[in-house]
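This report describes one protein chain for a reader who is new to structural analysis. Please keep the sequence and the model in view while reading.

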Amino acid sequence: MLDKKQIRMKLEIFLNSVEREFTDIYIAAVDAAKNKRIKKYIFKPSGKTFWVVLGKEKKEYLVTNWINKGNVIYACSCPDYLFRAMLKTKSKKINRRNFCYHIIARIISELNELKKELGEDFNERFLPTIHELKDDSLKDFLKRFI
Ligand SMILES: [Zn+2]
C-alpha cells in the first residue's frame, strides 16, 4: 500500500517528466487547472469519488485511476487517450503515450490537494471544484461518459 507522501512523490516525478518531454500537454493541463475546469464529484453516503475534466471543446471527460503493483495508473474517456494509449499499431509516426492532458490536469489538481492534506505549500487555484451528489444519481452520472 502506498501512503500519501509516497503518492505525492510519484506524482511529482511524473509531472516533472511530462513538463520536460511533453511541454504542450503540460501547458494545456495547467490551463485547465487554472481555469477551474477540474471537478471532483463526491457521492454520498458511499463516499465514492470521480474526477471530471471539462475539455476545451466543452465536453466533459472522466479521468479514473487505480493502483497496480505500486504504480498509479490513469485512464481518460477522451478520444485522444483512447487513440494514443490503446492503439495497437507499430507505426513510428504515431507518438504513443499513456496519458492525455486531462489526466495531467487531474494529477496537477490531485497533487495540490495532497499537499494541502499533508500541510505543505500548495496552490489554491489548482484545487478541484467539489460537487456533492447523492448515491442514487450515480448511474445517471456515469451514463454521461458512455
Ligand atoms: Zn483525456
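## Helix H4 and the residue after it

Helices (H or I, at least four residues) and strands (E, at least two) are DSSP runs, numbered from the N terminus. The model is a predicted one: local features need pLDDT of at least 70 and side-chain atom pairs count only at pLDDT 80 or more, while totals for chains, interfaces and linings use all residues. Residue numbers start from 1 along each chain as its sequence is written.

H4 covers residues 101-117 and has 17 residues. From its first C-alpha to its last it reaches 24 Å, close to the 24 Å expected at 1.5 Å a residue; the expected span is 1.5 Å times one less than the number of residues. Because 12 of its 17 residues are buried, H4 is largely enclosed by the rest of the structure. A residue is buried if 20 or more other C-beta atoms lie within 10 Å of its own, exposed if 12 or fewer, and partly exposed in between, with C-beta atoms placed from the backbone. Among the buried residues of H4 are Tyr101, Arg106 and Asn112.

## The nonpolar core

A nonpolar core is a set of buried Ala, Val, Leu, Ile, Met, Phe, Trp, Tyr and Cys residues joined through C-beta atoms within 7 Å. The largest one has 27 residues, of which Ala29, Val63, Ile103, Ile104, Ala105 and Ile108 touch the most other members. Helix H2 (23-34), strands S2, S3 (60-68) and S4 (71-76), and H4 each supply at least two residues of this core. H4 gives the most, with 7 residues.

Leaving aside residues up to four places away in sequence, Ala105 touches Ala29, Ala32, Ala33, Ile38 and Val53. Two residues are in contact if their C-beta atoms, placed from the backbone, lie within 7 Å.

## Strand pairing

Two strands pair if DSSP finds at least two bridges between them. Strand S1 (residues 38-44) pairs with S2 (residues 49-54) in the antiparallel sense over 5 bridges, and Tyr41 has Phe50 in S2 as its bridge partner. These two strands form a hairpin with 4 residues between them, and Gly47 in the turn has a positive phi of about 80 degrees.

S1 also pairs with strand S5 (residues 129-134), in the parallel sense over 6 bridges. Here the bridge partner of Lys39 is Thr129.

## The whole chain

The protein chain has 5 helices and 5 strands, in the order α-α-β-β-β-β-α-α-β-α along the sequence.
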